[in-house]
Amino acid sequence: MYIKELHIYGFGKHENKKITLHDGLSVIYGDNEAGKTTIQQFILQVFYGFPTKQEAQRNYEPRATVSYGGKITIVHQAYGECEIERVRGTKPSGDVVVTLPTKERKDEAFLPHLLYGYSRKSLEAIFAFSVEELQGMERLSEEALSQVLLASGTTDIEKLTAMAQQVARDASTTQLLDGHVQKISKLEKQIKDMKRNIASYESEAKTLQEVERTIERLRAEKVKLHQNWQYYVTLQQQLPLLIERERIEAALQVAQVLDFARDEMKHFTFIKEEILTSETAVRNLQQERQQEEPALSFNHERYTQANEMLTHETRWHQTMEKIARLQEEILIVERDNAKQFRLLGVDQAEEQAVMLAQDVSIEKEEQFQQVVRQLKEIDAQLSMQLHTLNDVHKELEALEGTTDTEGIRMRRKEEREQRIRQMQFVKFMSAIAAVLFLLMSWWWQNVYTFIAGIACVLVFLYIVQLRLRMSSEQFVEQQIDSYKQRYMKIKEDIQTLELQQDEQEAVLQTYVQAFYTKPVTDRSLMKELFIRIRKLQEDAQTIATKKELLAEAQQQQQQLVEQVQQIVETDVSLAEAFPSVHKLREQMQVAYEAYSRATKRIAAIDKEVDRLLALIDERTQQQQQYFAKMTVADERELYEAYNEWELVQERNERLTQLNEQITVATPTTLDAETIALQLETLNYEEQATEKSLQEKMQEQATLTQLLLSKEEDESYGIIVQAYEQEKAAFHKATAQWATERAVITAIEQTFSQLRERKLPQVLAYASEYFSVLTNRHYTKVFVNEDGYFEVEAVGGVRYRIIELSQATKQQAYTALRFALAKTLEKSAPLPFMMDDPFVHFDRNRFMYMVQLIRTISKERQIIYFTCQAPDIWQQGEVQQL
């Protein structure tokens, strides 16, 4: 996989910027503050999300644009050319769209497939470098440095181990799931198959380990034999000195003197003077202590209480402010309530209490509104009925007023013409319908349409007959009777509506009089009355709550005043409470300072006196022990024995000179022939050991080559990959606890074996890279038996990693990181991102590093950010910001 193109919409200082990268080496050159690190963070944050406010990572949200994010085009081994776009959206980490070559779109859940399952932390631990990371190695101890290097060579294995531990934690609380027994059996079978596949590898690896241990043992034996040979060579050279030392030692054993050490008498005199000085100092300190004791009568408990009370001063002022604020708020609400009662005309306290006790809830108001709505409907119906009654009355008067012949004739004529027009229309429509239905019945042969046509014909004939039979007089009489009946019906309806109106008005007044004694005739004021009374009840509840808070605050205030009075031992007012405590503390401060000084000084005096007395006892015991050691009773006998001791010092000095010249340990024999024979024997044994060592080293090379060929076998990688996939399913398919523990144990054993196999491979690649970086000065990187990293120079000399220079340590660390990536070439071909990590290298070291980077870039993409002069790089590799 490699990154083909970066399209930055808005990220940090970059806006609407496109950068095209090579599939090998791409060098991004720019001065300081040009935004090189910003581009590196753009790649990481598009892959893994923008940081949230709780995370410590820097936020690169642009200031001058609302488009936050960008797009990265990658070329993936499995999916081809894909686009990953992340912009600011609903999620804190940004909204992600992954576009595949087939134009299919995926969400953020698809990113782990493109990034080979690597988290941001894992990717940065393997494929990201920075100058701060390399410079921090100088401050590490040897153990910490070895741990960093070991982790850089086994990061993927540590990640798998952490995942296995997470499986163990999750599985311990999972209940039995019957539906996943088949998956667990499949996982166990795959683990067993994998163990069988690596069985031969483990056997050969163990054999290789045994050979390596044998080599180390033979090397140790060779070193030991060489050391013994060197010892006898030196012994042969120093044999005359050893003989002379033996004669002097024999003479000294005959001398009967006490064993004095050099300068012991001076030390004895020093002890005696120190005892006298300490006794004088003890007497002076005891006198000083007596002078300081009067200051200890200070009342420290009262002073402490005063200081503790002053810590409550802030709470005191807060309580005072709270009381004043609550009193003011209660007064404001009470004034507003009084104003509302005056507006309602309720002045008596009993009426106010009754009003506040009534139920004016939303439910009660809804019942009231329902009555009002019913009254409005009744009013509307009553108004409509009165209007209709008036119209009917006018029509009836018009009909009854046309009693003369001429009037009747004209009215009948008008009504007849209207009636004829109506009948003609109905007749015409009946004829058309009859024809249509008869045609449809003939066409469809349907009896129902035929019956409908016959019905239309009958209607047509009935209308014709009705027209001939109807007379004008009958028509007028029928109209008058009809209007009279309608008039009486409307009057009855009006009476009914008036009764309903009176009933609803009575119900409405009952609702109002329940909480308001004054008459209310305007219905629009009744809703406002509900709202005002509800507001009064809410304010009354607020006043009660604030009064409770006021009483609580006043109680706290009184408690503080009582505590102050207890401390100052007199009655004080609220205003004088804490000023009196301040005054008392100021009065006691001088005495407290004297008390503190006296306490510290007396403690120091007591400590010093105890030390001096202990010193006197110790020195006195030392004197007596020295007398007993020298087997003398007093000082006189000690000085006499000392004079005798000086007589043998000349021989002792010569013996000292001989000991300084002799560098070998005391031998068991001083015979020259025996020493020569031993030298010949050691030389023969060393040659035999060297021969065995060469044979074992040849066997080691053969086994190493065999194991490397097996490790490069793709089938083993496929088994490991299948195991990784099944491990992810294992989290969801846990069964019984015993089965889970068995699977977890198998995972841990497999991880341990995998680490033992992979680290030698990583060290082999690291040795090759480290040799290139050091211009073949060092040939090998390995871990010794103590777990510390060592390197081997061309001449076979080994150095601990802590003994190397800072730049050489950084070269070793870089070689291990490159070596680990080499082992992950097929499972995780992610690009390297380097933020100018080698800026402090000298030119030669940097050129070797450039040479190695170019070599690695042929197999894996490398993006190198730098502010160094671009003339080191080839022209096609550099892009300038």
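**Reading contacts, cores and rings**

Mentor: Let's start with Phe127. Leaving aside neighbours within four places in sequence, Phe127 is in contact (heavy atoms within 4.5 Å) with Tyr118, Arg817, Ala821, Leu824, Ala828, Leu830, Pro831, Phe832, Met833 and Arg860. This is a predicted model, where local features need pLDDT of at least 70 and side-chain atom pairs count only at pLDDT 80 or more, while totals for chains, interfaces and linings use all residues. Residues are numbered from 1 along each chain as its sequence is written, and side-chain values use heavy atoms, with hydrogens and water left out.

Trainee: Which residues touch the most other members of the largest nonpolar core?

Mentor: In soluble globular proteins, nonpolar side chains tend to be buried together. A nonpolar core here is a set of buried Ala, Val, Leu, Ile, Met, Phe, Trp, Tyr and Cys residues joined through side-chain atoms within 4.5 Å; buried means under 20% relative accessible area, exposed over 50%, and partly exposed in between, with a 1.4 Å probe and protein chains only. Phe127 and Phe818 touch the most other members of the largest core, which has 78 residues. Another core lies apart from it, with 18 residues including Ile567, Val568, Val581 and Tyr595.

Trainee: How many aromatic pairs are there?

Mentor: A pair of aromatic rings is described by the distance of the centres and the angle of the planes. Rings of Phe, Tyr and Trp (its six-membered ring) pair if their centres lie within 6.5 Å; planes under 30 degrees apart are stacked, over 60 edge-to-face, and the rest tilted. That rule gives 17 aromatic pairs. Take Tyr778 and Tyr799: their ring centres are 6.3 Å apart and their planes meet at 85 degrees, so this pair is edge-to-face. Tyr778 belongs to strand β9 (residues 778–783) and Tyr799 to strand β11 (residues 798–800), so the pair ties together parts 21 residues apart in sequence. Strands are DSSP runs of E with at least two residues, and helices are runs of H or I with at least four, numbered from the N terminus. At 11% relative accessibility Tyr778 is buried, whereas Tyr799, at 33%, is partly exposed.

Trainee: Which residues do ring pairs link into a cluster?

Mentor: Phe11, Phe42, Phe50, Tyr60 and Tyr68 are linked that way.

Trainee: And which residue lies over the face of Phe782?

Mentor: Lys780 does, 5.3 Å from the ring centre.

Trainee: Is Asp836 buried or exposed?

Mentor: Asp836 is buried, at 7% relative accessible area. This residue sits in the loop between β12 (832–835) and α26 (843–857), and its phi is near 50 degrees, a positive value in a residue other than glycine.

Definitions and conventions: A charge sits over a ring if NZ of Lys or CZ of Arg is within 6 Å of the ring centre and within 35 degrees of the ring normal.
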